[in-house]
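Have a look at the sequence and the model, then read on.

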Amino acid sequence: MSNDVNLPEKWEADYARGTDGWDLSGPTPAFKRIAASGRFKPGRMIVPGAGRGYDAREFSRHGFQVTAVDFTSHAIQEMQRLVDPAAPIEILQSDIFALAESFNNSFDYALEYTCFCAIDPKRRADYADLITRLLKPNGIYIDLAFPLDGRAGGPPFAVTEAEVFNLFTARGFELISREKPADSVSPRKNAEELFVFQKTKTSEE
Ligand SMILES: C[S@@+](CC[C@H](N)C(=O)[O-])C[C@H]1O[C@@H](n2cnc3c(N)ncnc32)[C@H](O)[C@@H]1O
């Protein structure tokens, strides 16, 4: 059995064995709060590595047009099973790194939670390039960065605030806000931070 995080087989095996301990069985509290807050006006949103799609459906419930991407059949079947007519989402089975160029400059928002820490850390610059190309000019990257605890090994592979900041500011993003959510689920308290970046400069500038 493959243990290579770059391959869907590794993640399929986690779903099949029930070693999908990342799954919160519902929307992430910080996302539930900000989706309801009215701070972000509804628009087109992409959710890479969406898993069972709780966060994707939560934003849809608040009027966002959401595309949820995952490369495992298991996650796709679960999103199909959990379909909520009150929270329709587009479900796309694809490796995020293989998303067609026709998606470039298509999204007002990209929502990140536990996908960045799941991919091979060597691909983090590719991930930042991906988000950059998917977002429209002035698009917003909402990133609940986890785990900020310096742990060894993974997945989840440790993330640092400086790494997130440097990856995105180097690509023309401006940090709009950051907060340590008070409503993180208890095992993740003090190990995550919510960053909001805006793609204020494009490579043509
Ligand atoms: C740790 S889980 C997180 C799922 C979801 N974000 C959540 O919080 O419940 C990571 C998910 O990303 C998916 N994934 C990992 N690498 C991927 C890739 N390169 N392309 C698409 N999906 C990927 C896995 O299949 C898995 O469903």
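Asn190 counts as exposed, because it has 10 C-beta neighbours inside 10 Å. For burial, C-beta atoms are placed from the backbone, and a residue is buried with 20 or more other C-beta atoms within 10 Å of its own, exposed with 12 or fewer, and partly exposed in between. You'll find Asn190 in the loop between strand 6 and strand 7, and its phi is near 65°, a positive value in a residue other than glycine. Helices (H or I, at least four residues) and strands (E, at least two) are DSSP runs, numbered from the N terminus.

Ser25 is another case: its phi is near 60°, again positive in a residue other than glycine. Ser25 sits in the loop between helix 1 (8–17) and helix 2 (29–37), and it is exposed, with 6 other C-beta atoms within 10 Å.

## What kind of model this is

This is a predicted model, so to speak of local features takes pLDDT of at least 70 and side-chain atom pairs count only at pLDDT 80 or more, while totals for chains, interfaces and linings use all residues. Residues are numbered from 1 along each chain as its sequence is written.

## The sheet

In what order do the strands of the open sheet come? The sheet has 7 strands in the order 3-2-1-4-5-7-6, with mixed pairing (two strands pair if DSSP finds at least two bridges between them). Strand 3 (89–93) and strand 6 (173–179) stand at the edges with a single partner strand each, so one side of each has no neighbour in the sheet. From one strand to the next, the twist averages 20°.

Strand 4 (residues 107–113) and strand 5 pair in the parallel sense over 6 bridges, and Tyr113 has Leu144 in strand 5 as its bridge partner. Strand 5 and strand 7 (residues 193–199) run antiparallel, joined by 6 bridges; there, Tyr141 stands opposite Phe197 in strand 7. Strand 6 and strand 7 also run antiparallel, with 6 bridges joining them, and Arg178 stands opposite Phe195 in strand 7.

Contact between two residues is a matter of their C-beta atoms, placed from the backbone, lying within 7 Å.

Which residues of helix 5 (residues 124–134) are buried? They are Tyr127, Ala128, Leu130, Ile131, Thr132 and Leu134. These buried residues pack against strand 1, strand 4, strand 5, helix 6 (161–169) and strand 7.

In soluble globular proteins, nonpolar side chains tend to be buried together. Here, the largest nonpolar core has 48 residues, and those with the most contacts inside it are Met45, Val47, Ala68, Ala110 and Tyr141. Strand 5 (residues 135–145) gives this core its largest share, 6 residues. Such a core is a set of buried Ala, Val, Leu, Ile, Met, Phe, Trp, Tyr and Cys residues joined through C-beta atoms within 7 Å.

Not counting residues up to four places away in sequence, Met45 touches Phe59, Phe64, Gln65, Val66, Phe107, Asp108, Tyr109 and Leu111.

## Around the ligand

How many residues surround the ligand? There are 19, and the closest are Trp11, Gly49, Gly51, Phe71 and Ile96 (a residue is near a molecule if its C-beta atom, placed from the backbone, lies within 6 Å of it). The shell has 12 nonpolar, 4 polar and 3 charged residues. Ala, Val, Leu, Ile, Met, Phe, Trp, Tyr, Cys and Pro count as nonpolar, Asp, Glu, Lys and Arg as charged, and the others, Gly among them, as polar.

## Cis peptide bonds

The peptide bond from Phe146 to Pro147 is cis, with omega near -5°, and Pro147 has its place in the loop between strand 5 and helix 6. A cis peptide bond also joins Pro155 and Pro156, with omega about 0°. Pro156 lies in the loop between strand 5 and helix 6.

Note on methods. Axes are lines fitted to C-alpha atoms, for helices over the stretch in contact, and angles run from 0 to 180 degrees between N-to-C directions.
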